[in-house]
Amino acid sequence: MAVHVANEKRRDTPAAGPLDPARLRADFPILAATVRGNPLVYLDNAATTQKPRAVIDAIARYYTEYNANVHRGVHYLSQIATQAYDEARRKAAAFLGATVDCEVIFTRGATESINLVAHSYGRQRVLPGDEILITGMEHHSNIVPWQILCKETGATLRVVPVDDDGNLVMEEFDRLLNEHTRLVAVTHVSNALGTVNPIRDIAARAHAVGAAVLVDGAQSAPHMPVNVRELGCDFFVCSGHKMYGPTGIGLLYGRAELLDAMPPYQSGGDMILSVTFEKTIYGRLPSKFEAGTPHIEGAVGLAAALDYLNAVGLGAIAAYERSLLRYAESALRVVPGLRLMGAPRKRAGVIAFTMDAAHPHDISQVLDEAGVAIRAGHHCAQPVMQRFGVPASARASFALYNTREDVDALVQALHEVNRIFA
Ligand code: 7TS
């Protein structure tokens, strides 16, 4: 029998209060896994997070109890599925602090959200002679769409440099920002360094010259309270799978006034008010930007993930992860020949390092033998690697379920790297 999702009592979500990682770990079935005979130590959360039972169950319930297409059928299941989909948007809007629900567009993820803005807003607003300002620590997703846009429009891409500690050089930001700057696209948290950027400040300065601001929140939304109005941004993007939700679903927040004036990104079913062969009238927000059958179970799963995050509390998550990062920074410093990449004033989620004894790929292979999952490579942020003069780094990235024991296991495995290669 189908359930009325909007009023469904939430199960499996922890009560608000101080964060207790030991208790939270029990919510994540995969964390009980062993890898090559060792308990899994999962430290690749910047790539994707593991999923709590509440998310897995919500998706299973969707398929076992109320699977139907949305916005199309008058039949019962379609109404329930539509309610769940709309409810997911309400939760996402509240999570990001949007003024109205229709300011949130469901996309495939941060990458698609940025592409939507570059294609729609960019091609409408950016003219020859205009400038797009990004930073030296962006993920390729927040570089390449702007490069393509500049090539197509005759605009120029400008890049705010990063200092040796991994902070943005704000004097250079001020120097590069001018009345030709049409858009500033900046990451909230760097996936390669963990740097937390001063978005409020950046947005205020950008708006003072009339530029719009897009914030890449892929690495901030899972780790700290986000409020788009407090940040003062015009667009904010993030990915569900990095927020304990499913893959294939993400969010684009855009100020209603801007989204309203933007042309569609993709077209087809669901995004229209009426179609004749002579003329199509586009639908209103948010459907104008959601052509075709959406990722319904993705939205349902993401809503469960947002419930989970809210129940744990973003403030508690931020405080806990901050103390874990501090612990990890000091623990890693005692590993001989290990160099931390950057020492940003404010760091979240991520610590990257290199070792004299071994290439990052060899490091991650030895760690994998011990059941410790980290990422090695350029992390889709090649320019920041070039800035630090390395082709790759090893990166440990944290989530609410990581513990000091995880960090100890990482450090022990790094000593093993030295034993093998040094
Ligand atoms: N922006 C940032 C800052 C990211 O870290 C990522 C993914 C993206 C955008 C793109 O997100 P997607 O969900 O659309 O792919 N970052 C990583 C990472 O650090 N390791 O794997 C993916």
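Two strands count as paired if DSSP finds at least two bridges between them; helices (H or I, at least four residues) and strands (E, at least two) are DSSP runs, numbered from the N terminus. The model is predicted: local features need pLDDT of at least 70, side-chain atom pairs count only at pLDDT 80 or more, and totals for chains, interfaces and linings use all residues. Residues are numbered from 1 along each chain as its sequence is written, and side-chain values use heavy atoms, with hydrogens and water left out.

- An open sheet of mixed pairing holds 7 strands in the order 4-10-9-8-7-5-6.
- Strand 4 (104-107) and strand 6 (156-160) are at the edges with a single partner strand each, so one side of each has no neighbour in the sheet.
- Strand 7 (residues 181-187) runs parallel to strand 8 (residues 212-216), joined by 5 bridges; T187 has D216 of strand 8 as its bridge partner.

**Domains**
- The assignment, automatic or from a database, gives domain 1 (41-49 + 313-421) and domain 2 (76-310).
- In contact (heavy atoms within 4.5 Å) are 36 residues of domain 1 and 35 residues of domain 2.

**Interface**
- The two domains bury about 2800 Å², 54% of it on carbon and sulfur atoms; buried area is the accessible area (1.4 Å probe) that two parts lose on being put together, summed over both.
- T49, L314 and R387 supply 20% of the area that domain 1 buries against domain 2, more than any other three residues.
- Between the domains the count is 1 salt bridge (a side-chain nitrogen of Lys or Arg within 4 Å of a carboxyl oxygen of Asp or Glu).
- The side chains of D164 and R387 form a salt bridge at 2.6 Å, N to O.
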